[in-house]
Structures are given as C-alpha cells and as structure tokens.
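Me: I have a new model open. Can you walk me through it?

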Amino acid sequence: SVTLAADHLIVPLRAEYLALESLAHFLRWYRDRRAPAQLAGILLTMVNHRRPTTREIIKILRTHNRRGVLRTEIPEDPRAAEAPSHGVPLVRYGRSKAAVAYRQLTRELITRVAPRIL
C-alpha cells in the first residue's frame with residue numbers, strides 16, 4: 001500500500017544533461033505508477049544563465065513541457081549554501097537571490113495549485 005504524504009509534487013531539476021535524462025526516466029516511472037499526487041511542476045534549480053548548457057537545457061524543457069515547468073527559477077547562490085552552516089533560514093540570511101526566488105515560487109505555487117484545492 002502507498003502512503004500519501006502530499007497532494008502535489010514538485011520535481012527539482014538542475015539544468016544539466018544528466019538531470020534531463022533522469023527526469024525523462026522519472027516521469028515515465030511516475031506516470032506508470034499512476035501516483036495519486038499531482039505534478040505541480042518541474043522546478044529549475046541552481047540556474048546559471050551564463051552557461052550555454054544551462055540555456056540549452058532550459059530551452060529544451062520549456063519547449064517540450066510548456067505547462068509543466070514552473071516559471072520561477074532558483075539561481076545559483078553561494079548564500080544558499082552558507083545559510084545552513086550559520087543555523088539561519090535562507091530567507092533571513094542576508095541578501096540572497098535564491099531567497100527572493102523561493103518567495104516568488106511560493107506565490108506561483110499558490111496561484112497554480114490553490115484553484116485545484118478550493
């Protein structure tokens with residue numbers, strides 16, 4: 001038996017080729033299982049638009065999964081790695097681009113998922 005811990009699933013994905021391959025396998029597995037949790041979206045993480053590979057992967061993802069990829073992207077941010085070592089939540093650890101992106105993600109998820117719940 002399956003224990004459901006969530007109604008919606010967010011799939012974090014680093015914009016790299018190996019991760020893209022893994023995503024394809026995961027989505028196939030997820031669909032075959034007919035999992036009760038709905039896919040809320042694919043979240044691009046540790047994004048660095050200066051890398052050509054990153055831009056290419058994002059283009060591929062957004063072209064083939066238009067509605068499945070969340071608009072919000074979590075950028076690479078050294079502060080995101082530093083915050084836990086200081087025992088401080090990221091949103092309270094100085095100025096962080098990643099913290100701003102996570103707040104934006106929260107707003108996006110509320111608008112994307114809330115209508116389905118209510």
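Me: Where is E108 placed?
Reply: E108 sits in helix α4, residues 97–117. Helices here are DSSP runs of H or I with at least four residues, strands are E runs of at least two, and both are numbered from the N terminus. This is a predicted model: local features need pLDDT of at least 70, side-chain atom pairs count only at pLDDT 80 or more, and totals for chains, interfaces and linings use all residues. Residues are numbered from 1 along each chain as its sequence is written, and side-chain values use heavy atoms, with hydrogens and water left out.

Me: Is E108 buried or exposed?
Reply: E108 counts as buried because its relative accessible area is 4%. Buried means under 20%, exposed means over 50%, and partly exposed is in between (1.4 Å probe, protein chains only).

Me: What does E108 touch?
Reply: L70, R71 and T72, not counting residues up to four places away in sequence. Contact means heavy atoms within 4.5 Å. The side chains of E108 and T72 are also joined by a polar contact of 2.6 Å. That term is for a pair of N or O atoms within 3.5 Å; within protein, one must be able to donate a hydrogen and the other to accept it, and residues adjacent in sequence count only if both atoms are side-chain atoms.

Me: Which strand holds E73?
Reply: E73 is in β3, residues 69–75. Its side chain makes a polar contact of 3.1 Å with that of R62. Leaving aside neighbours within four places in sequence, E73 is in contact with L44, V47, H49, I58, R62 and A101.

Me: And what does L44 touch?
Reply: With residues up to four places away in sequence not counted, L44 touches L13, A15, I58, L61, R62, V69, T72, E73 and I74.

Me: Which residues touch the most other members of the largest nonpolar core?
Reply: L13, L23, I42, L44 and L61, out of 14 residues in that core. β1, α1, β2 and α2 (52–64) each supply at least two of its residues. The largest share, four residues, comes from α1. Another core of 13 residues lies apart from it, with L90, A101, L105 and L109 among its members. A nonpolar core is a set of buried Ala, Val, Leu, Ile, Met, Phe, Trp, Tyr and Cys residues joined through side-chain atoms within 4.5 Å.

Me: Back to the strands. How many bridges join β1 to β2?
Reply: Seven, and the two strands run parallel. β1 covers residues 8–14 and β2 covers residues 38–47. Strands pair if DSSP finds at least two bridges between them.

Me: What do β1, α1 and β2 make together?
Reply: A right-handed β-α-β unit, with α1 spanning residues 17–33. Right-handed means that, with the strands pointing away from the viewer, the path from the first strand over the helix to the second runs clockwise.

Me: What pattern does the protein follow along the sequence?
Reply: β-α-β-α-β-α-α. That is four helices and three strands. Of its 118 residues, 32% count as buried.

Me: Last one: where is R79, and what does it touch?
Reply: R79 is in helix α3, residues 78–82. It counts as partly exposed because its relative accessibility is 33%. R79 touches L90, Y93, G94, R95 and S96, again not counting residues up to four places away in sequence.
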